[in-house]
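Please read these notes with the model open beside you.

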Amino acid sequence: MIRNTNFDAPAEQINRWRTLALGIGGILSIVILIVALLFPEQREQALRSWLLGFIFWGGIGIGGLGVLILQYLTGGAWGIVIRRVAEAASRTLPIIFVLFLPVMFGITYIYEWTHLPNDPIVQLKQPYLSVQWWIIRAVLYFILWGVMAYLLNRWSAAQDQTNDADTALKLTNDASKFSGPTMVFYVLVVSFAAIDWVMTLDPHWYSTIWGLLFAAGWALSFFCFAVAILAALSDKAPMNRILGSRHFHDIGKLMLALVMVWAYFNFSQFLIIWSGNLPEETKWYLTRWEGTWKVIGILLIFFHFAFPFLVLLNRDLKRKAKWLAIMAIFILVLRLVDMYYLIGPSPRIGMNGQEVDFINSFSWMDIVAPFAVGGIWLWWFFGELLKRPLVPINDPYLEGAIEHGKGH
Amino acid sequence: MQDAQKLKTTERRLRPKMIEGEHTFGTVSDRIGGITLKRRTPFGWFIGFGIGFLIVQVLMSTITYLLFTGVGVFGNNQPVGWAVPIINFVWWIGIGHAGTLISAILLLLNQKWRTSINRFAEAMTLFAVACAGLFPLLHTGRPWLAYWMFPYPSTMGMWPQFRSPLIWDVFAVSTYATVSLLFWYVGLIPDIATLRDRAKNKYFKIAYGLLSMGWRGSARHWHRYEIAYLLLAGLSTPLVLSVHSIVSLDFSVSQVPGWHATIFPPYFVAGAIFAGFAMVLILCIPLRVWYNLKDFITDAHLIYMGKVMLATGLIVVYGYAMELFFGWYSATEYERFMIYNRVWGGPYWWFYWLLILCNGVSIQFLWFKRFRESAFWLFIISLIVSVGMWLERFVIIITSLHRDFLPSSWGMYSPTMWDVSMFVGTLGLFLTLVFLFVRFLPVISIFEIRTLLPQANVHGHSEDFEENVIDVQDTEKT
């Protein structure tokens, strides 16, 4: 019954989004590229803004890989309906690597520690804080993520092709078995990537919860993104036959949980550093406790936690695709602000390692670069989304999952 | 069509069975309620209870000696001012967390496998919290003045230090104990009423009658019950996270290297659930054999618990890894020394490796089906993990304190016999309470197990019902 139905993505619609994304992303990327190449005094800012966009959008793609692994582990209807979105996100790794290249080649313009060979603390952190090891590690992260994404996607594609129920079942089971140990490696790789790419912006600072903060944060980003995509597809064929309000309800609960986890991790970090009051740690918060940075920090408490928390408690809202999608996009915007709060105030090479206030540090490129990176990423993502049916058509749990969505 | 049907069949077959054997509402009540009502108290029960009760006398003697002499009887001294009493406190309070997770979070997540293990997991939570509470209470030296810890407008004009996590502990643990007790008791009411109706003994009738609070099982009762139970589950859920987060803050808000790490709250919570599931397995594996409850606590339950133990254990191991990495990466003299001292340079280095062996290596066996499906191996691994979680607190607390900043103030720690007897005593208390619970209250929720039966789902929504039907078809075919 299910096999005879067409579950291909609505190509016309998605292609329109795709063109739009490429148009915006392409033009804005060229703008950033021109600024970075032709205006040496703006180069640092351009690359920092690019890093912001990269961490945000790359985080959605990498978070998608994490959710793909997670749903094979936990099972559940939400995992089946979100799987193809997560797979498409995980297949964006090649473009994420391309988008990473400016950061990699611009490393000496972004990371202050590349200029501090005589700093005693940076010296103690050798060889971790050395350009070649940093690059080798980054390549290694991409290889590891790539292997995970490649295998999971290959099995899923093979499942679509098979005519045999036992093979289909075996492929789902294989993916589940693979996902257990893979989750361990995934979280470790995300942790170290987050340390390398974001934490080392402040070369002296450290916080042990950092990896978890990104593992959870990127998963939240992906869930929000996926809700937006699923809601946009929910009234068109084929997803209108598949998605039910209960699917959105379930994913909405996961969003709520992750919003709380985000607040829990951040508050833990803040409280422990504040209470310990050690100069090497408090410096990070002291910078962010001044002027407009403080306003952004407080904004995050209210709009990245309190407001979504209260709204997502509402059962009816979570069950309405469009409303949940609005909330998801709202959280996504705040995710970007959160990344900006982590990246923006860090020491600047052009200012001799000084942190600068928001007024002097904020640049138009901080807004343009996320659009530039996002346009290109989305263009690739939609391309990948088109390649496969929007649900895993031969997954033995598919029918149950569709049935689940109609329940209450 | 054929394929779709086949897929559907395989899918149904994949779902593990949460209840085994041929049961009706009546047999469920008989089997579980019978433990307290019909069966003669088995001889083994008297032995188990007797051992527990004897060990409680050790606790009583310790407390008596402690109160007459003062807290100096414990081994705590400079530089190790916090030692075995707080290790035991954290160990016990952590164990309780599995009960709350099973009863509250798994309820909210619609996980059916919680149904047959929630009752005694909650009981275990209560008993563990009781044991945990004894340590800080008695370590104050004057437990009869313990109410000073609460903020009330006293004539002394004294207030607790609200910035101290120790006072947060007072609130967190007392809330936790209260909510857990209520949750457990509310869940028990319908079952106590069943026991009341079936009891033949006059005293049992009166006791259960009082405890069941006039439960008649009317629709209105059930309606209110469901609301109350769900609300209590919602209230308990944040407690799973908050209690052990605050316990972790006892350490991490300080500046002691080895204590001051931002990962502590989630890492402690995972450790607590890890230790708790180990204890649930330690209790339920013998229980289901002795009282013939394998129909209700099936192998599937054990496998699930093994998986949760593996997952939370891996989070704990992640915590160890991050501690090591950041100890080095911090580039702080004290942090780096702490790692060196903890792992190979200090006199307690072997505690660390024992801990890695217990918590890190032993759980790796749970990756394999063979070990997850074997009650024997699960039991052994759970015992090892329980030891490991005790060692973890030893490594964190004592190894960090005995060599902190100034070498001139370094020192060694050794527990006194009273430290040991107090811990052993609480084990006895725990054992005694568990045996009393098994004897006098239904260890498995009778009415919730009934809802798992196919008869309870006449509309055909029940997965288990359909599962049974398909199982029959399968056997017919083959």
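1. Chain A has an accessible surface of about 15700 Å². Carbon and sulfur atoms hold 70% of that surface. Chain B exposes about 21100 Å², with 68% supplied by carbon and sulfur atoms. Accessible areas come from the Shrake-Rupley method with a 1.4 Å probe, and for residues only the protein chains shown count as cover.

2. A word on the source. This is a predicted model, in which local features need pLDDT of at least 70, side-chain atom pairs count only at pLDDT 80 or more, and totals for chains, interfaces and linings use all residues. Residues are numbered from 1 along each chain as its sequence is written, chains are lettered from A and ligands numbered from 1 in the order in which they are written, and side-chain values use heavy atoms, without hydrogens and water.

3. Chain A has 17 helices and zero strands. Chain B also comes to 17 helices and zero strands. Both elements are DSSP runs numbered from the N terminus: helices are H or I with at least four residues, strands are E with at least two.

4. How do the chains compare with a compact globule? For the 408 residues of chain A, the rule gives a radius of gyration near 22 Å, and the chain has 21 Å, which agrees. For the 478 residues of chain B, the rule gives a value near 23 Å; the chain has 24 Å, which agrees too. The radius is taken over C-alpha atoms, and the rule is 2.2 Å times the number of residues to the power 0.38. Along the principal axes, the C-alpha trace spans about 70 × 40 × 40 Å in chain A and about 80 × 60 × 45 Å in chain B.

5. In chain A, 61% of the 408 residues count as buried. In chain B, 56% of the 478 residues do. Buried means under 20% relative accessible area, exposed over 50%, and partly exposed in between (1.4 Å probe, protein chains only).

6. Contact means heavy atoms within 4.5 Å.

7. The largest nonpolar core has 283 residues. Which residues have the most contacts inside this core? They are A:Trp145, A:Trp197, A:Trp210 and A:Phe214. Helix α9 (residues 210-233) of chain A gives the largest share, 19 residues. A second, separate core of 12 residues includes B:Ala104, B:Ile189, B:Ala193 and B:Ala233. A nonpolar core is a set of buried Ala, Val, Leu, Ile, Met, Phe, Trp, Tyr and Cys residues joined through side-chain atoms within 4.5 Å.

8. Look next at A:Phe54, in helix α2 (residues 40-74) of chain A. A:Phe54 is buried because its relative accessibility is 2%. Leaving aside neighbours within four places in sequence, its contacts include A:Ile96, A:Leu99, A:Phe142 and A:Trp197.

9. Helix α8 (residues 219-252) of chain B has 34 residues and reaches 50 Å from first C-alpha to last. That is close to the expected 50 Å, taken as 1.5 Å times one less than the number of residues. α8(B) bends by about 30 degrees at B:Leu239. The bend is the angle between axes fitted to the seven residues ending there and the seven starting there.

10. B:Ser242 also lies in helix α8 of chain B. Buried or partly exposed? B:Ser242 is partly exposed because its relative accessible area is 25%. Its C-alpha atom is 9.3 Å from that of B:Tyr176, 66 residues apart along the chain.
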